[in-house]
Amino acid sequence: MTHEPPGLDVAGLAAWLEREHPELTAPGPDPASAPGLTATLIPGGRSNLTYRVDGAARPLVLRRPPLGHVLTTAHDMRREHRVITALAGTVPVPGTVAVVDDTEAGEVTGTVFFVMEHVDGAVLSRPEHNAAWTPAGLRALSVELAEVLADLHATDPAAVGLADFGRPAGYLGRQLKTWRRQYDASRSRPQPLLDTLQERLGGAVPDDGARTGIVHGDYRLDNVLVAGLPEAPHVAAVLDWEMATLGDPLVDLGMLGMYWDIHDLTREAGVVGVAGAIVPGAGYPDFAEVADAYAARASIAVPDLAWYRAFACYKLAVILEGIHYRYTGGQTVGAGFDTIGALVEPLAREGLARLGGAAPGGATPASGTTTGGA
């Protein structure tokens, strides 16, 4: 019997492949004996849905917006397909096949979707996944993760056809406005520390005109595929480009730093299963070494990340407060949502601590200050 995951018509996908990409249909002299197409929903995504597709000439991956999706601008499949296609050969990304508007035909998903090639690799999403790699391998992987990010930020958007992919001027201010709106829409309890962090961030926005580039938007260890031998892992592909745009690239580095150290906050709050809480374990260096590797690859001085790490804390805190809001309204399904809100206050406190060493305007802290660096 054909496996039919939610949100995807497998028979419709098979018909589309046969019609539009016959080179990807299963080979063989007797098509009747082919096992047929199957699709499996890949777990772990908080937003867009991702399916592994088997039974074609080679494994494929299909991405579509969430079920019940209304706002196309928030889950723009064309943008994600465009950036992945453009970056081929510059940073590790899957090869793309096609982007399709299926909203009228309703043959496959009833939405815009895109298809890309499957890349072999593991997602390190829980601390126990570290056991597959040696400490030396994890240290080398950490350095490569920083270097891949530096390569992304060094890519000239115009050279890869992405000159109009975003509006770099005023990017940080717009980000703050966006997440302030999200926070206002999720208020269900007093959060004085988060309110203070929001105010402090708004009063110390760095000049984001000094350096612009392609921003991934959610760059962290569990958003890449890792492959290779236990002692020599490497980044096989960077995934989840749905938030990519043009802007201040240090937002990505600040986000990576926040997730690098988030395990201690989750332990303090008694929360488990938060994305990115992977790093504790033999082999991973301190984030300062990761930031050094980024700076060396980018040929820049190690940047002051105080504001950017504080913003990362604020952004995740707002996201989690929204999840808590939906949980209290009975709009979540599954385990773990009852404790997720406990991480909001520790994140806000951490963000304020990061800003403790940052001067207004994002200036470098005075010598000896330790709260605002990488």
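Which residue stands opposite Val61 in E3? I looked, and Arg52 is the one.

**Ground rules.** I am working from a predicted model, so I noted the limits: local features need pLDDT of at least 70, side-chain atom pairs count only at pLDDT 80 or more, and totals for chains, interfaces and linings use all residues. Residues are numbered from 1 along each chain as its sequence is written, and side-chain values use heavy atoms, with hydrogens and water left out.

**Overview.** I counted 10 helices and nine strands in the protein. Helices (H or I, at least four residues) and strands (E, at least two) are DSSP runs, numbered from the N terminus. Of the 374 residues, 47% are buried. Buried is under 20% relative accessible area, exposed over 50%, and partly exposed in between, with a 1.4 Å probe and protein chains only. I put the accessible surface at about 16700 Å², with 55% of that belonging to carbon and sulfur atoms; the areas come from the Shrake-Rupley method with a 1.4 Å probe, and for residues only the protein chains shown count as cover. Contacts (heavy atoms within 4.5 Å) came next. Among those with a separation of 6 or more, 73% are between residues 24 or more positions apart.

**The five-stranded sheet.** I traced an open sheet of five strands, ordered E1-E2-E3-E5-E4, with antiparallel pairing. Two strands pair if DSSP finds at least two bridges between them. E1 (38-41) and E4 (96-101) are the edge strands, each pairing on one side only. Neighbouring strands here are turned by 20° against each other on average, direction ignored; the axes are lines fitted to C-alpha atoms, for helices over the stretch in contact, and angles run from 0 to 180 degrees between N-to-C directions.

**Around E3.** I went back to the strand from my opening question. E2 (residues 49-54) and E3 (residues 60-64) are antiparallel and share five bridges. Besides the Arg52 and Val61 pair, I found Val53 opposite Leu60 in E3. Five residues lie between the strands in this hairpin, and Gly55 there takes a positive phi near 100°. On to E5 (residues 112-117): four bridges join E3 to it, again antiparallel, and Leu62 stands opposite Val115.

Is E3 mostly covered or mostly open? Covered: five of its five residues are buried. Leu60, Leu62 and Arg64 point one way, Val61 and Arg63 the other way.

**Thr109.** I checked this residue in the loop between E4 and E5. Thr109 counts as buried because its relative accessibility is 12%. Leaving aside neighbours within four places in sequence, I got contacts with Gly7, Leu8, Leu62, Arg64 and Asp102. Val10 is 99 residues away in sequence, yet the C-alpha to C-alpha distance from Thr109 is 9.2 Å.

**E7 and E8.** I then moved to E7 (residues 224-229) and E8 (residues 232-238), an antiparallel pair with six bridges. A hairpin of two residues joins them, and Ala227 has His234 in E8 as its bridge partner. Val226, in E7, is buried at a relative accessible area of 1%. Not counting residues up to four places away in sequence, Val226 touches Gly121, Ala122, Leu124, Trp133, Leu141, Pro233 and His234. Gly121 is 105 residues from Val226 along the chain, with the C-alpha atoms separated by 4.9 Å.

**Cores.** I looked for nonpolar cores, meaning sets of buried Ala, Val, Leu, Ile, Met, Phe, Trp, Tyr and Cys residues joined through side-chain atoms within 4.5 Å. The largest has 86 residues, and Trp241 and Tyr314 have the most contacts inside it. H9 gives the most to this core, with 12 residues. Apart from it I found another core of 20 residues, among them Leu13, Trp16, Leu60 and Val108. Beyond its neighbours within four places in sequence, Tyr314 contacts residues including Leu176, Trp179, Arg180 and Tyr183.
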